[in-house]
Amino acid sequence: MKHFVIVAILVAISTLLVKAGLNVARLLPVEASAQAVPIDRLFGVHMWLISFLFSLIVVFMLYSIVVFRRKPGETGEGKHVEGNTKLEVFWTIVPLVTVLVVATMGADALKQTLAVDPQAMIVKVTARQWSWSFEYPDYNVTSTSLYLPVNKQILLQMQSEDVIHGFWVPEFRVKQDVLPGTTKELRVTPTVIGQYKVRCSVLCGTSHALMEQPVVVQSEADFQAWIAAQQNIANASPADRGKKWAAENGCAACHSVDGSRIVGPTWKGLYGSVVQFEDGTTATADDAYLKAFILNPNAKQVKGYALNIMPANFRDKLTDDQINDIIEYIKSLK
Amino acid sequence: MQLVGIVLAALLGPIVLAAVIAAVMVWLSSQVPSAASLPVPKAAAGPSVEKVILTSALVRGLGAQIVGTVVGIGIVVGIRVMLGLPPFGYEPAAVVGAFVGAIFFIVGTGAVTDWFKWALGEETPEQHEEKTNLPVWAKYINVSLDHKVIGIQYTLTAIVLMGIAGGFAMAFRTQLAQSQLKLILPDMFNTLVGLHGMVMIASILIGVAGLMNYLVPLLVGATDMAFPRLNAFSYWITVPGALILVSSIFLGGFNTGWTAYPPLSARAPLGMQMFFIGVWLVGWSSILGGLNLIVTAVRMRVSGMTPFKMPIFVWSSLATALIMLTATQLIGLSFQMVSFQRLFGMGFFDPGKGGNPILFEHLFWFYSHPAVYIFVLPGLGIISELLPVFVRKPLFGYKWVAMSSFGIALVGFLVWAHHMFTSGMDEYLRVPFMYSTLLVAVPTGVKFFSWVGTMWQGKLEFPTPMLFVLGGIVVFLIGGLSGPPNGTVATDLYLHDTYWIVGHFHATMFGGFVFPFFAAVYYWFPKATGRKLSETLGKLHFWLMMPAFWVQSLGQMGVGLLGMRRRIYTYDPALGIDTLQLFITIAGFVIFISVLIFVYNLFHSLKHGEVAVGNVWRSRSPEWQLASPVPAHNYDRPFRVIGEPYDYGAEPATVYVDLNPGPLGPEAPSSMPSGMVPAPAGK
């Protein structure tokens, strides 16, 4: 059966070539978490399997197409073989065993990604259309960028304010959907200092594509310095504080500060301008107007914009002081 | 007072609705001629093309649908006025309007006329006679009970829907060709990707129905499907379904993707409801078509065709039909529940009312995973059916291949939650579903190894159908191999909702359906029309589509691995994937062009194709022992099975079926296979 020998050699060569090709191609982003290690190792196993099985089938096929093609003028039919029960049993049992082995490796890899560190630092993550905010209960700090100390396990406790979102930092590998009405957890242990992005992984509406925010992994010392700076925010100016509250409550997802239109009107030049409504009336955007509008966005429809998009729950989410800070911030955007 | 009003409306509403519908339908049924009652004209000249189109069932149905939509809206307005509500409730009016429109459509076509006549105690002829004064193409826009006509109607509809969905893809892939383009606004983009998905799914369901309906009666020796009127209904209901589905784009669209997860789908624009209704209607076609197929394959085979002497495509079709019949209800149910949440405030998936969005995901995927096996099992059956013909060698391990379709269908019901590994469902579910998911590889592997076993030491020939068969195998291989990384949970935590998944399912869909579908059309076109499709254009179609599809597939998997998410209208330039995205877009355009070449080939060859009335592929299969095009009632008499279906290369040569059995042929008429005896009216 010289055909078999030739094909076997070709399959082996092809497997190695394909796997080498997969190695050389830049396939995955940098591996930047402890959870990524078992995952990337499992990917390696899969790539071997893919290289081998692809080679096995395609080499046999290509060989047949070349060697067993009907040459011009040739008559006759193929070799009259109906089957081979031993072969059938073999290629049922071997894949079955392989599947069970790979599944067990998968279960083990999953277990490793779920390893619990009881000293993990808790970060509360809130998702909404279309932004993230992060809260560090241990430090009484809130932020719109996820700052994390390297080599420490973080326990993310996540909830959505509206629809299903998904928390994903590609370099950390692991992913978790974020649901309304219930808290879902994800553990990540960043291992490489650097700048990454959290990207919402579940289609959540209009600006799903833009729901990306910075993730900054720092040394423990730098992280503590950042925490300290955040805790001093009370000493910042009202406009600076207002900028922070606006970012953390998702205003920036719809209101630009540079004059462009995202979903709602831009805040640049908003303060003091004349606002036109769909019913033909007008108003001046002063402190009283802005406050009333934030508390009750659907009372009147602004010309050119739809109702029922701006959340109507800021009266519950923001304190009076925070709203005043935000108005100061808007004032500063000329 | 309001409570009384609501109760009255709840009781009166359906009664009024039913009464109006019944009255209109009885009136319509008396107006719509059943074909047999038309006189056969003496003159040779037929009506003009315009007249043929305007009096066709299709146009009648569309007109009726418009009327029905207005009636439905009117009913809602009427009820709301009675309740003292503002008359025009946008969403309820649109939903009821769409439903009543669809009902009027199906009545207007005449597809249900015979059933109404039976309900009124009237007799109808068993078979509708063909009107001889109409052009040949007229029967495809009218109601026919002939499975061959219905099969072609299904197939042409599938191609049209493929073109529409492909067009949507051209649009949004243009937007994605470079990062941060602003050609399409995000809400429109989200609607286009969602519609691309669902219209393609509808196209595949309808294409699968086309293949099964055309071929299975011919393969088992029947003159038609078990329930011809049900068959006609199953086809015609897809038309209003598809129209309503696509209408969503004009009614605000929907921003959820084809998976329609709540809470987002509960607050999506009105287009979401049109999406739900369109799918619901097409689902009926699947359920009823599946029923019809099972009865046909189980009860209407010629005697002598024992299960392991059936053509392999019948095995695949049976496995597919079992899924169609039993799983489709779940997507209809899950969509209905979101629809009721929107219309009536029921809190199934609303955490604020004690509901759970994950429940939707379970209900939805319980159908939508087995659905993918509906999509691929027929195509894999086509591959198994055609390979022996072009390799001149038996199908290797026929019995194992036959059983593997059932193995895939069965295991396919046990894996749905692998779509939900990151969903936040109960933790303990993840590992068991991983095991069941990986298990599907075993029967699928049997198919691949059997195909290789069939080719090995064969005598291979490469006309266009064979090219698409081989292409299908390789593409389905890539798709299948990109599956296990999704199945092992830990790696899926990375891959879920990325473009790797998009690459995975496009490869499995193209390999399992698109390529085999084209193979089947190139292969059976001569049987249906008596002409061959152009080999040159066919090869051009293949050699454009195949490399382009590889670029698209590997590109999609590549950008997914690098961090590209699904369903985003623009992407971060920092990902460094702009070049790959451009390649993917260009590849998509090349595929689209190759399909246009195919469509041109289709219509050009109807008039100018090489005449081919005999057994052009030297196939053993029964339908190829008939002349082409297939006679109206298929076989004059039941054929006798005297050999194995795939006994190519036997020395001395054998035959599978004898279409003209002699005196020792089939038994006396009283025990003829039911497919041959005109059944009493009432089927």
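**Briefing: the A–B contact and a sheet of chain A**

The contact between the two chains draws on 68 residues from chain A and 71 residues from chain B. The model is predicted. Chain A also holds an open sheet of 3 strands, and helix α4(A) lies across two of its members, β4 and β10 of chain A.

**Side of chain A that touches chain B**

- Three elements of chain A, namely α2 (36–67), α3 (85–113) and β7 (175–178), each give two or more residues to the side that touches chain B.
- The most comes from α2(A), which gives 15 residues to this side.
- By residue class, this side of chain A divides into 37 nonpolar, 18 polar and 13 charged residues.

**The sheet in chain A**

- The strand order is β4-β10-β9, and the pairing is mixed.
- β4 (146–149) and β9 (194–199) of chain A are the edge strands; each has a single partner strand, so one side of each has no neighbour in the sheet.
- From one strand to the next, the twist averages 25°.

**Pairing of β9 and β10**

- β9(A) and β10(A), the latter spanning residues 212–218, run antiparallel and are joined by 6 bridges.
- Within this pair, Q195(A) stands opposite V216(A) of β10(A).
- In general, strands of a sheet pair through backbone hydrogen bonds, in either a parallel or an antiparallel manner.

**Helix on the sheet**

- Helix α4 of chain A covers residues 220–231 and lies across β4 and β10 of chain A.
- Relative to β4(A), helix α4(A) runs at about 140°.

Key: Residues numbered from 1 in each chain as written. Chains lettered and ligands numbered in written order. Predicted model: local features only at pLDDT ≥ 70, side-chain atom pairs only at ≥ 80, totals over all residues. Contact = placed C-beta atoms within 7 Å. Helix = DSSP H or I, 4+ residues; strand = E, 2+ residues; numbered from the N terminus. Nonpolar A, V, L, I, M, F, W, Y, C, P; charged D, E, K, R; others polar. Pairing = 2+ DSSP bridges. Axes fitted to C-alpha atoms, helices over the stretch in contact; angles between N-to-C directions.
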